[in-house]
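I opened this model to look up a few strands and some ring contacts. My notes follow.

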Amino acid sequence: MRKRHREVNLPEVTQQDAVCPASIPSPGLSAQTGLQKIWGAVHCQVCPGAPAWPGSPWHEEMGLLLLVPLLLLPGSYGLPFYNGFYYSNSANDQNPGNGHGKDLLNGVKLVVETPEETLFTYQGASVILPCRYHYEPALGSPRRVRIKWWKLSENGAPEKDVLVAIGVRHRSFGDYQGRVHLRQEKEHDVSLEIQDLRLEDYGRYRCEVIDGLEDESGLVELELRGVVFPYQSPNGRYQLNFHEGQQVCAEQGAVVASFEQLFRAWEEGLDWCNAGWLQYPIMLPQGLAPGVAVGPRHRRRHRYDVFCFATALKGRVYYLEHPEKLTLTEAKEACQEDDATIAKVGQLFAAWKFHGLDRCNAGWLADGSVRYPVVHPHPNCGPPEPGVRSFGFPDPQSRLYGVYCYRQH
């Protein structure tokens, strides 16, 4: 149980103190990434001269002045606070449980259960993030609890609220609206279903159960099945800043890969000796093998290649059997005549990785590059390792190649 604090005497707080909070450090990167921790500070315009670095005397004093009034003032346990909903625990409020009062959970433990293993799925699918709770020892009657799901911050992206619920009332947020709901098919089941999964949905989700002043939570990790591939600009090596890297990945049906995704791809055999952008953003230097090395770079000023991540397909990529070789424009038209579209680079890599597409025929792709996928290497078909071979970006008017098309199921 959370403890109620005693009343203490507080120093007088000036108006300037009240409007100029201490700087709050943003979470540092995990040491597992090999990066140095980088702290950010929010500067207060009212007090521009105040030190903003955590640990400074001003930071410690203001942290005390601003936190203590909320936590230690008499009766502060009745103040509303945010945990998915605004609510109050004052004596005038109706008890959200079963009428036995807040002392019911004395000696009773609230337990939240989530799977330890990572869940794998693919873009466009629906997935259930399991989460159940129970009491130890078990209670004889049901209690009304509050549920909150949110997506944790990672790779520089902010934390995202997903869904909050009290009983049958619920609310979803942002891009999750209309795509998420609680299962609640069995007692104490608060699993989250996400429909029409998107590339940006992968990551770590937290399930929190709140019963009065008690709360417990569990973590669920969601990964999309996908493939990491390096991408170079048509203009040559090291032509992309970070934002341009994001754009070209999106144009190829992919997103910028994360460090974890690249590391997993390296463990599976990815071998590439050019530097490329990753999410955060960080950059992979060339020539540092074995292993993956990283380092921070400026988003706009520095230019490299980029590592993209494409998920498994809901459709089919195929080499179009055509009596003649085609220009790039003719290749696009030929796919349209076959009720399909010309394939993107990410789609070709996903078809090679997950559907075993194996052709020794070079074909046009949507970005103007020419590639072909090899699962089982054989003579006269390139290097002796499996992979997606590239002919670069030939003259769009040349009639030397076929085309790879994509048809959605």
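Predicted model: local features only at pLDDT ≥ 70, side-chain atom pairs only at ≥ 80, totals over all residues.

Residues are numbered from 1 along each chain as its sequence is written, and side-chain values use heavy atoms, with hydrogens and water left out.

Sheet. I found that S10 and S11 (residues 192-194) pair in the antiparallel sense over 3 bridges. Two strands pair if DSSP finds at least two bridges between them; strands (E, at least two residues) and helices (H or I, at least four) are DSSP runs, numbered from the N terminus. I noted the order of the open sheet as S5-S11-S10. S5 (127-129) and S10 (180-182) each have a single partner strand, so one side of each is left without a neighbour in the sheet.

Rings. I counted 14 aromatic pairs, taking ring centres within 6.5 Å as a pair, with planes under 30 degrees apart as stacked, over 60 as edge-to-face and the rest as tilted. Tyr238 and Tyr304 have ring centres 5.6 Å apart and planes at 70°, so the pair is edge-to-face. The two residues are 66 residues apart in the chain.

I read Tyr238 as partly exposed, at 21% relative accessible area, and Tyr304 as buried, at 13%. Buried means under 20%, exposed over 50%, partly exposed in between (1.4 Å probe, protein chains only). Phe242 and Trp277 are both buried. I noted that ring pairs link Tyr238, Phe242, Trp277 and Tyr304 into a cluster.

How values were computed. Phe/Tyr/Trp six-rings, centres within 6.5 Å; stacked < 30°, edge-to-face > 60°.
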